[in-house]
Amino acid sequence: MTSPKHAFGSYGIVALLFFSSAIVSADLSAEFYDETCPDALDIIEDAVRAAVSKESRMGASLLRLHF
């Protein structure tokens, strides 16, 4: 059985995470690495193509990963 102090601490941490995530917002952008790593999308595409050519189910697995 948890003590009331421990239970409140757990709820407090959950509430803190919830409210801090509401404050922080981030937008996804395809141009994120344009300046720091201009070849990023090409590198990722090559890696995905290589993975799919090795294992044909990898494309479906990567798609499921995003959802």
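## An aromatic pair

Rings of Phe, Tyr and Trp (for Trp, its six-membered ring) count as a pair if their centres lie within 6.5 Å; planes under 30 degrees apart make the pair stacked, planes over 60 make it edge-to-face, and the rest are tilted. By this rule, the structure has one aromatic pair. The rings of F32 and Y33 have their centres 4.9 Å apart and their planes at 85°, so this pair is edge-to-face.

How exposed are these two residues? F32 is exposed, at 59% relative accessible area, while Y33 is partly exposed, at 47%. Here buried means under 20% relative accessible area, exposed means over 50%, and partly exposed lies in between, with a 1.4 Å probe and protein chains only.

## About the model

You are looking at a predicted model, in which local features need pLDDT of at least 70 and side-chain atom pairs count only at pLDDT 80 or more, while totals for chains, interfaces and linings use all residues. Residues are numbered from 1 along each chain as its sequence is written, and side-chain values use heavy atoms, leaving out hydrogens and water.

## The overall picture

The protein has three helices and zero strands, so helices (H or I, at least four residues) and strands (E, at least two), taken as DSSP runs and numbered from the N terminus, give the order α-α-α from the N terminus on.

Of the protein's 67 residues, 1% count as buried. The accessible surface comes to about 6600 Å², and 66% of that belongs to carbon and sulfur atoms. Such areas come from the Shrake-Rupley method with a 1.4 Å probe; for residues, only the protein chains shown count as cover.

How many salt bridges does the structure hold? There is one, a salt bridge being a side-chain nitrogen of Lys or Arg within 4 Å of a carboxyl oxygen of Asp or Glu. The partners are R49 and E45, with their closest N and O atoms 2.8 Å apart.

Both residues lie in helix 2, which covers residues 40-54, and they sit four residues apart, about one turn of the helix. R49 is exposed, with a relative accessible area of 55%, and E45 is partly exposed, at 37%.

V52 is partly exposed, with a relative accessible area of 30%.
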